[in-house]
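The exercises below are to be worked with the sequence and the coordinates at hand. Each task is followed by a solution in steps.

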Amino acid sequence: MKSKNAEMKIPESELEAEDRGAEEERPRESDSNILDLSSDYPRDKHISIQRHLADLEKLADLRDDERKPCPLCPEEKFKACYSHKLHRHLQNLHWKVSVEFEGYRMCICHLSCRPVKPNLVGDQTLSKMGAHYHCIICSATIVRRTDMIGHINRHVNKGETESRFSTVRAPKSSYKVVKESATDVQVLPNHSTPQKTDSYFNPKMKLNRQLIFCALAVLAGERKPIECLDAFGATGIMGLQWAKHLRSSVKVTINDCNENSVTMIKENCHLNKMKVKLNSREEDNGETVGNGEENSDTIEVTKMDANVVMHLRSFDFIHLDPFGTSVNYLDSAFRNVRNLGIVSLTSTDISSLYAKAQHVALRHYGCNIVRTEYYKELAARAVIAAVTRAAARCNKGIEVLLAVALEHFVLVVVRVIRGPTPADDSAKKVRYLIHCQWCEERVFQKEGNMVEENPYQQLPCDCHGSMPGKTAVLLGPLWSGSLFNTGFLRRMLLEAVQYGLDEAQPLLKTLVCEAECTTPKHFSTHSPGDENKQEECGVYIRTQNTSAESYLVHGKRKSEEVLRSAAKRQRAEHSAEHPPFYYNVHRHSIKGMNMPKLNKFLNYLSEAGYRVSRTHFDPMGVRTNAPLAQFKTILMKYSTPTYVGAQAEGPVHLPGEIQVGEEVPAAAVMKVEEAEVAEDKSGVATTVFTESYPTHCAAE
């Protein structure tokens with residue numbers, strides 16, 4: 001028994017000695033951990049990530065008398081060699097092509113770290129040893145050096161520069177504060193790249209935000225307070241502008257489905273001294289965040305999908321501005337929007353709307369479009385057609401208040417009218433368009449379900465008779481009604497002047513002229529007929545010059561004879577809609593002729609008895625009800641020929657352009673001998689000039 005006890009005590013003493021040694025070693029391990037954790041990056045980084053070339057050489061353990069393999073290459077790729085050759089290998093192949101980030105070098109690695117699919121050649125399997133880089137932040141393996149640089153930059157822009165596997169928000173110092181319309185917002189450094197950031201902010205959309213603000217300000221003047229929703233908040237700048245300028249007139253809700261964006265929206269609310277209401281659940285507990293005391297400075301911030309928010313609650317004003325198309329949110333938007341409310345949507349998928357990706361337009365909007373001279377208006381009418389169908393599915397009709405198509409976006413603002421009758425009336429305005437591919441003449445298809453024997457007869461041109469094959473194409477379905485409401489645009493202009501929105505004022509003036517189809521010189525701040533109230537959707541709305549006695553609330557009408565007569569005059573004025581589409585002057589110019597100035601050409605069309613105006617869709621576009629044949633005739637009549645001899649000696653004057661008391665230059669050799677008016681097959685009068693050329697021009 002003693003011997004057994006002695007044998008048992010021996011291992012106990014050995015275990016005690018091992019425990020003591022382990023206790024002595026633990027502080028050393030903890031000290032090493034402290035050193036590694038205090039360093040900038042985690043201690044388990046890959047061996048290809050080093051600070052200096054000497055650190056990389058230490059891994060190879062260079063010795064003059066021994067052959068050493070490369071620590072970053074397999075033996076099949078680089079065999080063991082002496083120190084001088086291995087030094088050149090590490091310097092030229094690994095160190096020079098590394099990616100630098102805050103003092104560290106991510107060298108290229110040829111080890112089998114990255115899984116590569118094998119290539120089967122017969123019965124043999126050839127394994128590829130692909131070169132790659134190891135990310136110092138997320139330990140990802142990336143093949144190309146340029147891709148690695150972009151990968152690191154994306155980490156930096158997102159604020160992921162410290163932790164290896166967890167996402168850390170950028171410090172406050174890395175944020176950039178942007179000020180727009182007296183509203184401050186902080187954004188990330190990559191705020192202009194929507195696919196690589198959570199908080200997208202585009203400075204080029206400032207005009208878009210100002211137009212939407214003016215539309216909301218007009219609605220806030222009709223009824224107070226109104227509940228408005230910014231369904232895609234991003235940085236929250238749009239909702240902050242609403243709450244900061246309109247104050248108690250609006251109850252703003254900013255929504256976003258991204259958690260980082262919601263956090264940034266709350267910080268931007270605090271930056272602008274706004275009170276934040278987190279969501280409806282916390283509203284019951286009375287929990288709010290912020291320093292404000294008034295309810296007018298409260299903004300509700302929600303983190304939901306946009307469709308869910310619009311299904312759960314009703315709003316008076318809804319704005320949709322997703323990345324790309326907004327057709328996925330139209331059904332939810334029109335489901336709970338209140339009667340006579342406004343829905344505005346911004347579509348940035350211009351590649352499909354501007355007929356660069358026609359199959360995408362057919363898939364999203366159910367519309368067939370081609371590239372034409374009026375492609376921007378075609379895009380706006382395609383979006384409105386999709387909006388009309390979505391509203392009709394909810395037994396609601398629309399009235400288009402504003403449609404703008406610029407370089408970066410298509411903005412549509414509509415007023416919603418409840419009821420099956422307005423829905424049917426709006427749906428009837430969605431028609432197909434017949435477009436001639438030779439002369440680009442266009443006309444909307446007539447109403448009715450009967451199939452016509454020859455649809456080419458609806459076109460004013462006779463290209464089908466003179467050209468072989470099929471000359472026209474059917475586009476649509478498109479919105480065939482008006483794109484603007486004159487009264488609403490005028491009140492938007494007043495709001496833009498009141499709040500000092502300088503960028504929106506010139507565009508709104510152009511839109512008013514385009515809606516009335518008048519030239520800018522006839523523009524005035526008063527409505528046609530100097531009426532003080534305007535009719536929209538059967539609702540009479542007071543303007544600034546209207547007295548309180550003539551103001552009418554929604555859905556009610558006073559019975560005075562004066563108001564009835566004014567309503568009749570307003571209906572007559574609104575019945576004259578602007579002509580659909582426009583012509584580009586450069587597209588239809590005559591080769592070898594100098595066109596007149598655009599403003600002069602507008603006067604010539606107006607003197608001929610046609611309605612005419614410029615358009616915001618195209619700086620050289622002319623919106624007119626004149627047929628294309630008459631448009632070309634007037635353009636040719638007032639164009640001057642461009643000849644070398646005439647340009648060298650002086651300008652050429654046609655008889656109609658010679659002013660009283662003005663002498664014709666004697667140096668002008670070219671003379672207009674006679675002008676004969678000939679009528680072509682289509683019955684359109686054209687002017688034929690007979691000219692005499694100088695002998696030296698004839699010789700040339």
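This is a predicted model: local features need pLDDT of at least 70, side-chain atom pairs count only at pLDDT 80 or more; totals for chains, interfaces and linings use all residues.

**Exercise 1. Overall make-up**

Task: State how many helices and strands the chain has, and determine what share of its residues counts as buried.

Solution. Step 1: the secondary structure of the chain comprises 22 helices and 29 strands. Step 2: the chain has 700 residues, of which 45% count as buried. Step 3: for contacts between residues at least 6 apart in sequence, 63% join residues at least 24 apart.

**Exercise 2. The surroundings of Asn-255**

Task: Locate Asn-255 in the secondary structure, decide whether it is buried or exposed, and identify the partners of its side chain.

Solution. Step 1: Asn-255 belongs to strand S11, which covers residues 250-255. Step 2: a residue is buried when its relative accessibility is under 20%; Asn-255 has 1% and therefore counts as buried. Step 3: its side chain forms a polar contact of 2.8 Å with the side chain of Thr-302. The side chain of Asn-255 also reaches the backbone oxygen of Met-304, at 3.1 Å. Step 4: leaving aside residues up to four places away in sequence, the residues that Asn-255 touches include Leu-229, Asp-230, Ala-231, Phe-232 and Gly-233, as well as Lys-303, Asp-305, Ala-306 and Val-309.

**Exercise 3. Helix H13**

Task: Compare the end-to-end reach of helix H13 with the expected value, and describe how far the helix is covered.

Solution. Step 1: H13 spans residues 375-393 and has 19 residues. Step 2: from its first C-alpha to its last it reaches 27 Å, close to the 27 Å expected at 1.5 Å a residue. Step 3: 15 of the 19 residues are buried, and H13 is thus mostly covered. Step 4: just after the helix, Asn-395 adopts a positive phi of about 55°.

**Exercise 4. Nonpolar cores**

Task: Find which residues touch the most other members of the largest nonpolar core, and which domains contribute to that core.

Solution. Step 1: the largest nonpolar core has 112 residues, and Phe-334 and Met-492 touch the most other members. Step 2: at least three residues of this core come from each of domain 2 (176-280 + 296-446 + 469-487) and domain 3 (519-524 + 579-641). Step 3: beyond residues up to four places away in sequence, Met-492 touches Leu-211, Cys-214, Ala-215, Val-218, Leu-402 and Leu-508. Step 4: there is a second, separate core of 21 residues, with Val-612, Leu-628, Phe-631 and Ile-634 among them.

**Exercise 5. Backbone geometry in context**

Solution. Pro-225 sits in the loop between helix H5 (206-222) and strand S10 (226-230). Lys-273 occupies the loop between helix H7 (259-271) and strand S12 (275-277), and it counts as exposed because its relative accessibility is 71%. Ala-355 lies in the loop between helix H11 (350-353) and helix H12 (358-365), and it counts as buried because its relative accessibility is 10%.

Terms used. Residues are numbered from 1 along each chain as its sequence is written. Side-chain values use heavy atoms; hydrogens and water are left out. Helices (H or I, at least four residues) and strands (E, at least two) are DSSP runs, numbered from the N terminus. Buried means under 20% relative accessible area, exposed over 50%, partly exposed in between (1.4 Å probe, protein chains only). A polar contact is a pair of N or O atoms within 3.5 Å; within protein, one must be able to donate a hydrogen and the other to accept it, and residues adjacent in sequence count only if both atoms are side-chain atoms. Contact means heavy atoms within 4.5 Å. The expected span of a helix is 1.5 Å times one less than its number of residues. A nonpolar core is a set of buried Ala, Val, Leu, Ile, Met, Phe, Trp, Tyr and Cys residues joined through side-chain atoms within 4.5 Å. Domain bounds come from an automatic or database domain assignment.
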